[in-house]
Amino acid sequence: MTPFTTVSSIDLRPSFERVLNRPFIPASPDQVSNIIERVLSFSEAEVEAQLACLRDEFAHRHPNLEKSWLRQFEKVGAYFSNEAFLPTSRRLLIGAFFTGEYAVESVALFNPSIVPHPDQTDLGADDLRFILALRAVGEGHISSIEFRSGVVRENHSIELDNATGLVTAADIETDPTFSRNIFLHKLQEKGLENNWSRSVMNRLGVTFTRTELDESLRHATHETQRHSEDVKRAIECLHWLVNSNYELNFSLSTPLSQRVIFPVSLNESHGMEDARFVRFVDEDGRATYYATYTAYDGRVILPQLIETNDFLRFRVRTLTGPAIQNKGMALFPKRIDGRYAMLSRYDDENLYLMFSDDLYFWSDPRLLVRPSRPWEFVKIGNCGSPIETDAGWLVLTHGVGPMRKYCISALLLDLQNPLKVIGRLNEPLLKPAADQTSGYVPNVVYTCGALIHGGRLILPYGLNDTITKIATIELETLLAALLK
């Protein structure tokens, strides 16, 4: 650790207590049918008695307990010939039998990114309220995204707000809006741009809803009585895109620390990893929070993008293009010469820079830096979005060295031409201390983003893929070391 780096006493650790309700549905259809039959055999009095016991046991752990039961009931609705005649009480009980608790952060709470909170009211003139986004890991190494809030005071002290003991998943929008360009790019990418897919997409606007897509698909299917193999693959791709691009909503009454973004699509069924949040200010002054993250299905990774203005409503979009190949993409907080800019580790070894006119389409990665120090000889990547300073774009990097040891360092890019590296540290900013190398994944310090406030770099980081700590760094001294 450099002499101008100070580690605060904040120590965010995983908790077994924060549990989320999620589907618990056997793979065997016969077993599902058997469970339903057993519940249907109950008398109304037995149903009410069972529900009373379940409410008594679980209501204090889940603010939307019955809503989650009804959601799971809908997932087995195909097993009923006429579910309309089922009373609500029996639906609730059937749903409860297909629901299981999941401790979202029982294993780890780490790899944070930090952004200014959209609400800066009721603070001192030199205070800053922030939001921490964290990677939470539970049973089966499934990653989700959690949030915390806090304040950096004028004297650089950091206060974290108390977190609620509850967690709540978002409601999924039933008729979300999609971007036509994303669908067109992905169809082209997969070699599925043909007369049939063009006829589907040409009926749709620049943005369209799921209902409008379904209507266009019905028209195209009616016109084409017999589907070729390419058409079948195009239909599968469109359905895959519909599931991968979705919208989430939280109630305003749900505290920030209670909100959890849990995997929705099959692409992310094994996790949503390392969300790099950034406050992006466009040329018209509008601010939007974006986060690149890695969707993982257990075999294949897929870089995706989260968008929000208020941390209540979230839009998840698929990134496209030949440069969307690996983990660790990080968006610049504003356009450069009218274009979006993004860092990536395109080849899983070196750090690259890309420019694009389309936020969702990326190509032509240009090599920025290669590993050059022993502690990064294996590979180098970014540790979150670049931060604008008077001296240049400050980029936090991670390097992997011998014994798979991860360190955090930094480099400086020219403000007007970020392809030009004007400074680079010779030593890590942070590395695992000798007495802090043990954890879920040993010998790791890692962050997904920092911010500057009051002349200091506020750097939250994950330690050994287990816990989260926060360091502060004198900005002037850091920049001087980079430019030395």
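## Ground rules

Because the model is predicted, local features need pLDDT of at least 70 and side-chain atom pairs count only at pLDDT 80 or more, while totals for chains, interfaces and linings use all residues. Residues are numbered from 1 along each chain as its sequence is written, and side-chain values use heavy atoms, with hydrogens and water left out.

Helices (H or I, at least four residues) and strands (E, at least two) are DSSP runs, numbered from the N terminus. Two strands pair if DSSP finds at least two bridges between them.

## Strand β24 and its partners

Let's start with strand β24, residues 392–400, where 9 of 9 residues are buried; buried means under 20% relative accessible area, exposed over 50%, and partly exposed in between, with a 1.4 Å probe and protein chains only. Strand β22 (residues 379–382) pairs with β24 in the antiparallel sense through 4 bridges, and here Gly381 stands opposite His398 of β24.

Two hairpins also involve β24. On one side of the sequence, strand β23 (residues 387–389) runs antiparallel to β24 with 3 bridges, and 2 residues separate these two strands in their hairpin. Thr389 has Gly392 of β24 as its bridge partner.

## A six-stranded open sheet

Elsewhere you will find an open sheet of 6 strands, in the order β9-β12-β17-β16-β15-β14, with antiparallel pairing. Its edge strands are β9 and β14, each pairing on one side only. The pairing of β14 with β15 is antiparallel and runs over 8 bridges, and Val278 has Tyr290 in β15 as its bridge partner. As a reminder, in a regular strand the side chains alternate between the two faces of the sheet.

## Ser143, a buried residue in β6

Ser143 belongs to strand β6, residues 143–152. Why is Ser143 counted as buried? Ser143 counts as buried because its relative accessibility is 0%.

Leaving aside residues up to four places away in sequence, Ser143 has contacts (heavy atoms within 4.5 Å) with Arg135, Ala136, Val137, Pro263, His270, Gly271, Met272 and Glu273. The side chains of Ser143 and Arg135 also make a polar contact at 2.9 Å. A polar contact is a pair of N or O atoms within 3.5 Å; within protein, one must be able to donate a hydrogen and the other to accept it, and residues adjacent in sequence count only if both atoms are side-chain atoms.

## The largest pocket

Pockets and cavities are found on a 1 Å grid over the protein atoms alone: a cavity is a set of points where a 1.4 Å probe fits but cannot get out, a pocket is an open set with protein on both sides within 12 Å along at least five of seven lines, and lining residues have an atom within 4 Å of a point. Grid points are joined across faces, edges and corners, and a volume is the space filled by probe spheres set on the points.

The largest pocket has a volume of about 1100 Å³. Its lining holds 37 residues, with Pro23, Lys75, Ile172, Pro263 and Val264 nearest the centre. Which element gives the most to the lining of the largest pocket? That is α3, with 6 residues.

## Enclosed cavities

There are 3 cavities of 30 Å³ or more. The largest cavity holds about 70 Å³ of space and has 13 lining residues, with Thr292, Tyr293, Thr294, Gly328 and Met329 nearest its centre. Strands β14 (272–281), β15 (287–296) and β16 (301–308) each supply at least two residues of this lining.

The second largest cavity has about 40 Å³ of space. Among the residues that line the second largest cavity are Arg135, Met272 and Glu273, and each of these three is also touched by Ser143. Strand β14 gives the most to this lining, with 4 residues.
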